[in-house]
Amino acid sequence: MADAQAAGRLETFSYDDDIVRKFLFVTILWGAVGMLVGVIIAVQMAYPAWNVAPWLTFGRLRPLHTNAVIFAFAGNAIFTGIYYSSQRLLKARMFSDALSRAHFWGWQLIIVAAALTLPLGFTQAKEYAELEWPIDIMIAVVWVIFAVNFIGTLIKRRERHIYVAIWFYIASIVTVAILHIFNNLAVPAGLFKSYSLYAGVQDAFMQWWYGHNAVAFFLTTPFLGLMYYFMPKAAEGPVFSYRLSILHFWTIVFMYIWAGPHHLHYTALPEWASTLGMLFSVMLWAPSWGGMINGLLTLRGGWHKVVDDPILKFMVIAITGYGMSTFEGPMLSVKSVNSLSHYTDWTIAHVHSGALTWNGFLTFAMVYWLAPRLFQTELYSKKLAEWHFWIATVGILLYIVSIYSAGVTQGLMWRAFDETGRLQYPDFVETVARLIPMYWTRVVGGTLYLVGMLVFAYNIVMTWKRRAATYAITTVQAPALTKEYTPEPMRPGVDVPATAFGRFVAMTFHRAWERTPIVFTVLVAVAVIVASLFEIIPTFLIKSNVPTIASVKPYTPLELAGRDLYIREGCFNCHSQMIRPLRFETERYGEYSKPGESVYDHPFLWGSRRIGPDLAREGGLKSNLWHLRHFENPREINPRSIMPAYPHFSTNDIDFPGIQKKIDAMLMLGVPYGDAINTAPDMARQQAREIAADLAATGGPSGMETKEVTAIIAYLQRLGKDIKAAPGVATTTKAGGQP
Amino acid sequence: MADNPRLIEHQYDGIQEYDNPLPRWWVLLFWATIVFSIMYAFNLGVGSGPGRIAQYEAEVAAAKAAAPPPAEFTSPEELAAMATNTQIVEAGKAVYTTNCVSCHKADGGGLIGPNLTDNAWIHGGTLMEMHKTITEGVIAKGMPPWGTLLKPDQIDAVTVYVASMKNTNVPGGKAAEGTVVP
């Protein structure tokens, strides 16, 4: 059709496939590593002896698993697909080969930095945003390099309109940048230590605004873009509906961003935010399914091909998995369902049923499709690809069936009351011990998925070994875009409606947006930012969201140091600090948590999963000696406990002078520290001596006054105590009314 | 398929699109979720009603109203009778093994908590005093209030079991603490 227009000068160019090959290799490498760590932590939950303190405990490895599979495996998979498809969809080589390489090596450097710092205990304690501030800055820089390279390619494109895959890439690039920057704002307290700029309720809100949209704009929209390129390629058929693409794209972009608060139902987050999060999640159901429909119906008339094409098999399961997860997500966001699922393995099952299918299988399909084209040879073995498919599919089934069962079982046990009105399972560990067989089943399922991954890696490496001696570089010719362009109807027999309303309904305006990618990018940014501000502004500005509690005071210097140990060890991965206003919770843990209780919590540590019990009111429940013995070996105290041992607490020295830096950073954040401004180390030494004296007096070891164990005990003994100092104040405070 | 009138001619790297209308069921589903959300937001038939705190308070009040009357007060005589009933003492041992060994050790010699096999008692050594200590706990020292966790007959049983350990003086136990009650 463009031929009818005044054609631009014919230009000759080639695509940069070398960068695609680079990203493809690391996708496989990091995928195998990330999944291996997943299997290790799965074993740790069933068999705690696999925790090797201090570096290889569950609390430190779990973030390594999530970061590796999300940012290293899925991340590099996205870049593989984007670099391959964008050049072809835009008829242009990437804007700059140098930027492409800077992006590649920068991202791998970030991954290596993550793999080193997370086991060392450097963490911001925010899920999927654990990496400390120097790495966060690297991520921001590399992401900007990627964005410049991508937008540069958009500008020098030779294709008049941008295809739906490109829309999704744009949305992902823009939104991830915004989310990453605003969730990670922090005040450094050392080279690898920082405190979130936000505290308590606001920090929780920002984190789950980020966390949920990391799922949306890192694991969903870029993969939808990949689907829109690789699905019609593999199925060799047209995409089902262009206007469905438009509608589901914009509704996803605008509505996903609101959904974050559904991760915080029944917490101290104001209820209006929680309700908004739920309702936008419910309304996301159809927009998400728009993508599924467009993916699956692209196969119309081609279903017979699925039988003997492993690539299509992977794609069908991927898109079906996407459909199931995007139905389940809205369901889990309904408050009453969430009251059962939250803090249990149900969430873990939900994530994995989405990630193992949608992200994993779509990546496998894409790489199987790409490998012969990139290495200019045949795929080494189609049979192995079939084996990969079946091994991984059985793995997924074992994984999710067992972990769904675990989640529902534990959720029901937590809320069970007996006929006398007492908790049926008052001992938390009973609800853990029941899950161990399911955890072993998960280990088997996860291992099968990993085996599939290794079969896949072998197949691709063997394909690479049989590559062309020198890669043929195909040159492409396309006319440059001209300034003059007269819009034409998209297909014969369709006239542009005469009225403005008619044009709106027919969505002809969108065709114009597709010709101006910079305007398109700005519109996406506006949609995302406006939607975010609708929730962010009231969360930060409305005073009644967080009623002040006079008796809540900042942590003492030693408690703060202990809190940083709690963060270092990743305790928040297994212990929540947020009691929900539900009777079965308050019976078990005490008074429900109030927003005013975490006003000095930079970062918040509410947690999202209870592998162990909630600790919001742990202070004073056990003796100091109990904690010391429990850290040294939890199973000596409780034979069925699956908590890792932390013997190094009793041998590591506290860095007393370093505590001053922590207090100074807190002061910068506005935490009223008064006396501790210059005397923090002395105050900490004094408190440590008192705890050490108590430990010795009650029959424990002596000489603990310089050891980390006193700091972590000081912190745990403080938890939830402030509110008890002022009875009455707490119980009458309304937790966040309607604004 | 190539002559399908809904096919858009334009190709992106060989990929084509149909201009198919939106599936009707999909449009209806979308509208249904929007209508549901509006109704929920304004509490029209569905919604969070009075809010989570009011719901919680109602739930607690209802549970209180439905709770069975408080268990009969256990008298010293009843406890003394139970102490001679080996079946009850055995049941108490089971409760002890599940809940108490982490602090008082399996043989009662004491670990974090005090030795239960000597004849010294910190919070009183009569059956009734032990019963009270177990029920209410000693929060300051890390002894939980078991009255909220265990059923009344379990508390009775574990009380008489603990009493049965008195003066067994297991080897390797912690040093005596509290007042000697011969």
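**Reading a predicted two-chain model**

Modeller: The contact between the two chains draws 46 residues from chain B and 51 residues from chain A. Two residues are in contact if their C-beta atoms, placed from the backbone, lie within 7 Å. This is a predicted model, in which local features need pLDDT of at least 70, side-chain atom pairs count only at pLDDT 80 or more, and totals for chains, interfaces and linings use all residues. Residues are numbered from 1 along each chain as its sequence is written, while chains are lettered from A and ligands numbered from 1 in the order in which they are written.

Biologist: Which element gives the most to the side of chain B that touches chain A?

Modeller: Helices (H or I, at least four residues) and strands (E, at least two) are DSSP runs, numbered from the N terminus. On the side of chain B that touches chain A, α1(B) gives the most, with nine residues. By class, that side holds 27 nonpolar, ten polar and nine charged residues. Here Ala, Val, Leu, Ile, Met, Phe, Trp, Tyr, Cys and Pro count as nonpolar, Asp, Glu, Lys and Arg as charged, and the others, Gly among them, as polar.

Biologist: What confidence does the predictor give chain B and the complex?

Modeller: The pLDDT is the predictor's confidence in each residue, from 0 to 100. Where pLDDT is low, the predicted coordinates should not be read in detail. Chain B averages a pLDDT of 87, and 97% of the residues score at least 70. Among the elements of chain B, the mean is lowest in α5(B), at 85, and highest in α1(B), at 95. The complex receives an ipTM of 0.90 and a pTM of 0.92.

Biologist: How many residues has the largest nonpolar core?

Modeller: In soluble globular proteins, nonpolar side chains tend to be buried together. A nonpolar core is a set of buried Ala, Val, Leu, Ile, Met, Phe, Trp, Tyr and Cys residues joined through C-beta atoms within 7 Å. A residue is buried if 20 or more other C-beta atoms lie within 10 Å of its own, exposed if 12 or fewer, and partly exposed in between; C-beta atoms are placed from the backbone. The largest core has 251 residues, and A:Ala318 is one of those with the most contacts inside it. Helix α6 (residues 200-235) of chain A gives the most to this core, with 22 residues. Beyond its neighbours within four places in sequence, A:Ala318 has contacts that include A:Trp358 and A:Leu362.

Biologist: Is A:Asp653 buried or exposed?

Modeller: A:Asp653 counts as exposed because it has 8 other C-beta atoms within 10 Å. This residue lies in the loop between α23 (634-637) and α24 (656-668) of chain A. A:Asp653 and A:Lys707 are 54 residues apart in sequence, and their C-alpha atoms are 4.5 Å apart in space. By contrast, A:Glu386, in helix α14 of chain A, is partly exposed, with 14 other C-beta atoms within 10 Å.
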